[in-house]
Amino acid sequence: MKDTILGRRSIRRYTDYKISRNQLDEILNDALRAPSSRNLQPVRLFVIESQSAKEKLRPTLFGNQLQLDTASQLILVTADTKKYEEAHIIFDRSVELGKMPHEVRTRNLESFKNVNADPNDTAFLNSLNLDAGLFSMNLMLVARMYGYDTCAIGGFDKKSINDALNIDKRYVPVLIISIGKADESGYDSIRLRADEVTKFID
Ligand SMILES: Cc1cc2nc3c(=O)[nH]c(=O)nc-3n(C[C@H](O)[C@H](O)[C@H](O)COP(=O)(O)O)c2cc1C
């Protein structure tokens, strides 16, 4: 795990190796073990793989053409603003699998009815971004465990990407992650030390 974390670098140029759909599915399932607020799992993924899909993505990118042209896939990580409407899927399945008492499921689903899930509310959007961010980090580490590398790409137009890829506006775009077999070694970037960014509160 330490090697996985310390060995990860942003990789922007990939070989022409194609990650199979089965393997990508396995990687995504592992990454989806990431925690989320109230386990509502708002992450929704859109995979850009074919040349035609890449051409739809191209005009929305600010730079980042090397990843676009060489990645096996680019994964657009989004979060569902209607996550509360989908909650019953998770809670019903938890009951079915014997992991949650029925009354807990019902209490939770009832409590969601009072939540203000306004897609323009900053706190709500922040929470969606946080869940998608935790998933994204998990994905980049899981990818390395399978022998692949990634680059987080925030350099894209969040206002136009849904239209460009024909994605419903209920899904808020958070990050693109390119993935593939590395064809470069990346940069050895530095980090601030823990003692520089940490304070013990008295
Ligand atoms: C939210 C986020 C957005 C990023 N956007 C881009 C991007 O648009 N293009 C790019 O080449 N790298 C992007 N990066 C990668 C960073 O530049 C990189 O993580 C940082 O320089 C540290 O290098 P390392 O990942 O190799 O450790 C992004 C990283 C994060 C976390």
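Which residues in H5 meet which residues in H6? In this predicted model, Tyr84, Ala87, His88, Phe91, Asp92, Ser94 and Val95 in H5 meet His102, Arg105, Asn108, Leu109 and Phe112 in H6. Contact requires C-beta atoms, placed from the backbone, within 7 Å. By class, this contact has six nonpolar, four polar and two charged residues. Ala, Val, Leu, Ile, Met, Phe, Trp, Tyr, Cys and Pro count as nonpolar, Asp, Glu, Lys and Arg as charged, and the others, Gly among them, as polar.

Residues are numbered from 1 along each chain as its sequence is written. Local features need pLDDT of at least 70, side-chain atom pairs count only at pLDDT 80 or more, and totals for chains, interfaces and linings use all residues.

Packed helix pairs are described by the angle and the distance between their axes. The axes of H5 and H6 (residues 102–112) come within 10 Å and cross at roughly 175 degrees. Axes are lines fitted to C-alpha atoms, for helices over the stretch in contact, with angles from 0 to 180 degrees between N-to-C directions. H5 and H6 are therefore roughly antiparallel, a term for angles over 145 degrees.

Tyrosine 84 lies in H5 (residues 83–96). Helices are DSSP runs (H or I, at least four residues), numbered from the N terminus, as are strands (E, at least two). Tyrosine 84 is partly exposed because 17 other C-beta atoms lie within 10 Å; buried means 20 or more, exposed 12 or fewer, and partly exposed in between, with C-beta atoms placed from the backbone. Beyond neighbours within four places in sequence, tyrosine 84 contacts Phe112, Val115 and Ala117.

How values were computed: Two residues are in contact if their C-beta atoms, placed from the backbone, lie within 7 Å. Angles under 35 degrees count as roughly parallel, over 145 as roughly antiparallel, 65 to 115 as roughly perpendicular and the rest as oblique.
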